Amino acid sequence: MVVVDTLLNRNPKLYGKSVERIITDDERNENIVDEFDEREVFDLIRHINDPEHPLTLEELNVVDLSNVKVNNEKNEVIVNFTPTIPHCSMATLIGLTIKVQLQRSLPSRFKIKVLITPGTHSTEEAINKQLADKERVAAAIENTALVQTINQCLVTVEKFIH
């Protein structure tokens, strides 16, 4: 678990969890073509650990099903996330962790956009620009220490996906 020494948000508000998705027989059938939907993408990111707290992004309402959009025709996934406070210094790390999780989990045909929910962070434009920059993202995930931190945030996700 990643825990930062100085907590910016010492008392985050907690939210309830979504009901677990019931997977149908058709969804399990490998012979039936099944398009990706918002709930499937949400399930890939909801259990990501927050870098500051031993809580998931879903529990902190950083990610929410209503902020996930999937367009199978355009091969596009858009996720808006909401930092717990408007000056959260972990927002870039959270966005990068969401992006890495989706890149690892979704077929490469998908273009993945991870954005801060409009109006929820003091530097949302700058962070959105960083998360959209392929070269910066590629350089970030080559940084061993940063990848270790991202992987720590993704530890609990593995329990739920597999």
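User: Hi! Quick one to start: where is N75 found?

Analyst: Hi! N75 is found in the loop between β1 and β2. Keep in mind that this is a predicted model.

User: Thanks. What is the phi of N75 like?

Analyst: The phi of N75 is positive, about 50 degrees, although N75 is not a glycine.

User: Let's take in the whole chain. How many helices and strands does the protein chain have?

Analyst: The secondary structure comes to 7 helices and 3 strands. Along the sequence, they follow the pattern α-α-β-β-α-β-α-α-α-α.

User: What share of the residues is buried?

Analyst: Of the 162 residues in the protein chain, 43% are buried. As for contacts between residues at least 6 apart in sequence, 70% join residues at least 24 apart.

User: OK, the core next. How many residues are in the largest nonpolar core?

Analyst: That core has 39 residues, and I45, F81, I98, L102 and L106 have the most contacts inside it. Elements giving two or more residues to this core include α2 (38–45), β2 (76–81) and α3 (91–105). The element that gives the most is α3, with 7 residues.

User: Which residues does L106 contact, leaving aside its neighbours within four places in sequence?

Analyst: L106 is in contact with F36, V41, L44, V77 and I112.

User: Switching to N128: which helix is it in?

Analyst: N128 is in helix α4. Not counting residues up to four places away in sequence, N128 touches V114, L115 and I116.

User: Why does N128 count as buried?

Analyst: N128 counts as buried because its relative accessible area is 15%, where the cut-off is under 20%.

User: What about cysteines: how many disulfides does a search of the whole structure find?

Analyst: The search finds 0 disulfides. C88 is buried, with a relative accessible area of 7%, and C153 is buried too, at 1%.

User: Which residues line the largest cavity?

Analyst: The lining is made up of D50, E52, V62, P83, T84, C88, M90 and I94. These divide into 5 nonpolar, 1 polar and 2 charged residues.

User: Which element gives the most to the lining of the second largest pocket?

Analyst: That is β3, with 5 residues. At least two residues of the lining are supplied by each of α3, β3, α4 and α5.

User: And how does the lining of the second largest pocket divide into nonpolar, polar and charged residues?

Analyst: That lining has 9 nonpolar, 3 polar and 5 charged residues.

Methods
Residues numbered from 1 in each chain as written. Predicted model: local features only at pLDDT ≥ 70, side-chain atom pairs only at ≥ 80, totals over all residues. Heavy atoms only, no water. 1 Å grid on protein atoms, 1.4 Å probe; cavity = no way out; pocket = protein on both sides within 12 Å on 5 of 7 lines; lining within 4 Å. Nonpolar A, V, L, I, M, F, W, Y, C, P; charged D, E, K, R; others polar. Core = buried A, V, L, I, M, F, W, Y, C linked by side-chain atoms within 4.5 Å. Buried < 20%, exposed > 50% of the residue type's maximum accessible area, 1.4 Å probe, protein only. Helix = DSSP H or I, 4+ residues; strand = E, 2+ residues; numbered from the N terminus. Contact = heavy atoms within 4.5 Å. Disulfide = S-S within 2.5 Å.
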